[in-house]
Amino acid sequence: MKIVVSMAILWLISSLSMMGTAAAEPQAVNTEVLFTDVNIFDGKNNRLHTGQHVLVSGNKITKISDVPVSVGEGAVVVDGSGRTLMPGLIDAHSHIAVNASPTEMESSMDLADAGIRMTLKANNYLMDGFTAIRDMGGHAAPIHRAIEAGLVPGPRVYSSEAFISQTSGHGDLRHYGDPNPTLSGVDVTNLARMGVTHVVDGRARVLAAVRQSLMQGATQIKIMAGGGGASKYDPIDTTQFTEDEIRAAVQAAEDWGTYVTAHIFTSKAIQRAVNAGVKGLEHGFFMDEETVKLVAKRGVYVMPQMWGMSPELFKNPYVTKSKHGAIREMQKNAPNFVKWLMKHKVKVVFGTDDVGDMVIGQNSRRYELFYRAEVFGNFETLKQATSVAGELLALTGLRNPYEGKQGVVEEGALADLLLVDGNPLEDISVLGAQSEWFSAPPPEPIETLRVIMKDGVVYKNTL
Ligand SMILES: [Zn+2]
């Protein structure tokens, strides 16, 4: 669906500008856009294809050539002058609807508050070069619908809707005195009302929760299958949901043509989840080598937000202080974790776990890009954020809202493209990567991102 420049968008743009946020500027829809003289990072290979010409017709890349390409009347020509053309970035672990601190979300917000913030966040994702996000929990389907209807600018959104947790699990966000949803039939927390979490136990209730999320527009399902760093009742070593409960979630998702991914850390929990048919692992830092081999053999995707292995983690106000010791233990596994993922050729995707306060969240993305590149190198990080993440989005199968490949620059792929000053394979900072997180100032527009195109529509062009 094409964005039409409407009064609503113009109003939004001026409002965003007044708030000091660079606003996406959808430009008149052209049937053809030609990028001349660009060096292509294709999302897959550790080199640039130099001196190329790339034609976009409608929402697809239709021609890539090393000789000049002719275009029809009315086509827009963008002179690349040797800049890098690459796929739009993909964040495989966002929480676009969980966009304030847990205290604010719980005590002073409702769905409208979260919705207004979602529109701002969708814009800042797109303006940071992200053309797709895979949302890992929160009522994000409405922003997907608003973006697709052309009401607000933003990336492609793959929502999981509420994450699904057992009682006392990582998604149990109640206070001690609150009634238990499974036992009492009601969930009184504001976060449950806002569609952030379902707390359920037993096969029947897991099935109902999965089907509820699918009804609300989930494209994949997220479960909490192990302890966490920012939750109250579950030590990080705990294993959550029985194999039967996980199988129930997987069955309901697969009956809908899609898959389940799991928040998870330990080998024990990962082996259980993978054996029950889970196709994605969020975090996964505690894995031993045997488990890494199993994950590789089953073709399961892993999303490790590497800031979780960085010193910055201890500055994160959302990480419970009592868990710092367990996290320090976990971080000792970091060098092995990365080495084993690479050695056994696990499908690793880029993700940021951007959650909570808007400024902290946006800076966490820019820091993740920096720190991931420190650990995995620039090429591996870029591949994780483009072609591999694009494959993961396609796992949604029949529930995929979009037709066409994402995360690659090749003929026939969706035209989600960035034109960048410099070569990100050599200098990741041209994509906004920054070495600071909590000490970083509020994010400014990324000036080296010269053109941002999504679905064939140009949202930023500073050339
Ligand atoms: Zn998360």
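Reply: The C-alpha centres of domain 1 and domain 2 lie 28 Å apart in this predicted model. Domain 1 is built from two stretches, 7-88 and 408-461. Domain 2 covers 89-399.

Now the contact between them. On one side, 39 residues of domain 1 take part; they meet 35 residues of domain 2. Three elements each give at least two residues to the domain 1 side: α1 (7-18), β17 (449-454) and β18 (457-461). By class, that side of domain 1 has 26 nonpolar residues, 7 polar and 6 charged.

The buried residues are Asn378, Thr381, Leu382, Lys383, Gln384 and Ala385. Their cover includes two strands, β6 (89-94) and β15 (347-348). It also includes two helices, α13 (358-376) and α15 (387-394).

Last, a single residue. Met194 sits in the loop between α6 (190-193) and β10 (197-199). Met194 is buried, because 21 other C-beta atoms lie within 10 Å, and 20 or more is the cut-off. Leaving aside residues up to four places away in sequence, Met194 touches Met105, Asp110, Leu111, Ala114 and His139. Met215 is 21 residues from Met194 in sequence. In space, the two are 16 Å apart, C-alpha to C-alpha.

Terms used:
Residues are numbered from 1 along each chain as its sequence is written. This is a predicted model: local features need pLDDT of at least 70, side-chain atom pairs count only at pLDDT 80 or more; totals for chains, interfaces and linings use all residues. Helices (H or I, at least four residues) and strands (E, at least two) are DSSP runs, numbered from the N terminus. A residue is buried if 20 or more other C-beta atoms lie within 10 Å of its own, exposed if 12 or fewer, and partly exposed in between; C-beta atoms are placed from the backbone. Two residues are in contact if their C-beta atoms, placed from the backbone, lie within 7 Å. Domain bounds come from an automatic or database domain assignment. Ala, Val, Leu, Ile, Met, Phe, Trp, Tyr, Cys and Pro count as nonpolar, Asp, Glu, Lys and Arg as charged, and the others, Gly among them, as polar.
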